[in-house]
Amino acid sequence: MNLRKIPLLTALLLLAAAAASGCMSQETVISGDMKAEVLAYADPIADNVMQGFNEGNYTMYSRDFGAEMRQALDEAVFEQNHEDVTSRIGLYESRSDPVVTEAGEYIAVTYRAVFEQEDGVALRFVFQKGDESHRLHGLWFNSPKLRS
């Protein structure tokens, strides 16, 4: 497979898999007050990431990345992934139905998103428990069109 065609979800999946060391294998759904607490910081970060994505603005897009994310997803990789994603599914439009899960040291928020050319894209944002700065430790865009 040509590396240029690896979608964002695959490139970041490798990063997060290495960082998580397999910790995300047994996830538990979080609800109630704890879910609301996570969404209070995750929603604004998701807004910022997706606005930066739509604008092609790496500085905005990466503002909330942890050190490993920033190193693995530099501006050149972002530009390549941005082109690949937008050519397949267009720009981001909206998201809904967040599901919050936890496993090991990580908390994940997965949204169902609408892009110009595909509905139901999974946007997954991964945070480390106890990180008061709420830096992103993983990010995936996943959909049938992105996997094709």
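Guide: A term is needed before anything else: helices (H or I, at least four residues) and strands (E, at least two) are DSSP runs, numbered from the N terminus. The model is predicted. With that wording, Asp97 is found in strand E2.

Visitor: How many helices and strands are there in the protein chain, and in what order do the elements run?
Guide: The protein chain holds six helices and five strands. Read from the N terminus on, the order is α-β-α-α-α-α-β-β-β-β-α.

Visitor: What percentage of the residues in the protein chain is buried?
Guide: Buried here means under 20% relative accessible area. The protein chain has 148 residues, and the buried part of them is 45%.

Visitor: Which element gives the largest share of the largest nonpolar core?
Guide: This core has 33 residues, and those with the most contacts inside it are Met50, Tyr61, Phe115, Leu123, Phe125 and Phe141. Elements that give two or more residues to the core are the helices H2 (32-55), H3 (58-61) and H5 (75-89) and the strands E2 (92-103), E3 (106-115), E4 (118-128) and E5 (136-142). The largest share is nine residues, and it comes from H2.

Visitor: What is the angle between the planes of Tyr92 and Phe115?
Guide: The model has 10 aromatic pairs. In the pair of Tyr92 and Phe115, the centres are 5.7 Å apart. The pair is edge-to-face, a class that requires planes over 60 degrees apart, and the angle here is 70 degrees.

Visitor: How many residues apart in sequence are the parts that this pair of Tyr92 and Phe115 ties together?
Guide: Both Tyr92 and Phe115 are buried. Tyr92 belongs to strand E2 and Phe115 to strand E3, so the parts tied together have a sequence separation of 23 residues.

Visitor: Which residues form one aromatic cluster with Tyr92 and Phe115?
Guide: Tyr92 and Phe115 are both buried. The cluster they belong to also includes Phe53, Tyr58, Tyr61, Phe65, Phe78 and Phe141.

Visitor: Over the face of which residue does Arg95 lie?
Guide: Arg95 is linked with Asp43 and Asp47 in a network of salt bridges. Arg95 is also placed at 4.6 Å from a ring centre, over the face of Tyr111.

Visitor: How many residues apart in sequence are the parts tied together by Arg124 and Glu27?
Guide: The count of salt bridges is eight. In one of them the side chains of Arg124 and Glu27 meet at 2.8 Å, N to O. Arg124 lies in strand E4 and Glu27 in the loop between helix H1 (8-20) and strand E1 (28-30), so the parts that the pair ties together are 97 residues apart in sequence.

Visitor: Is Asp64 buried or exposed, and which residue forms a salt bridge with Asp64?
Guide: Asp64 is found in the loop between H3 and helix H4 (67-72). With a relative accessible area of 10%, Asp64 is buried. Leaving aside neighbours within four places in sequence, Asp64 is in contact with Ile45, Asn48, His134, Arg135 and Leu136. Its salt bridge, with the closest N and O atoms 3.5 Å apart, is to Arg63.

Visitor: What is the phi of Asp97, and what is the phi of His134?
Guide: Most residues other than glycine have a negative phi. Asp97 is not a glycine, yet its phi is positive, near 50 degrees. His134 is found in the loop between E4 and E5, and its phi, also positive, is about 55 degrees.

Definitions and conventions
Residues numbered from 1 in each chain as written. Predicted model: local features only at pLDDT ≥ 70, side-chain atom pairs only at ≥ 80, totals over all residues. Heavy atoms only, no water. Core = buried A, V, L, I, M, F, W, Y, C linked by side-chain atoms within 4.5 Å. Buried < 20%, exposed > 50% of the residue type's maximum accessible area, 1.4 Å probe, protein only. Phe/Tyr/Trp six-rings, centres within 6.5 Å; stacked < 30°, edge-to-face > 60°. Lys NZ or Arg CZ within 6 Å of the ring centre and 35° of its normal. Salt bridge = Lys/Arg side-chain N within 4 Å of Asp/Glu carboxyl O. Contact = heavy atoms within 4.5 Å.
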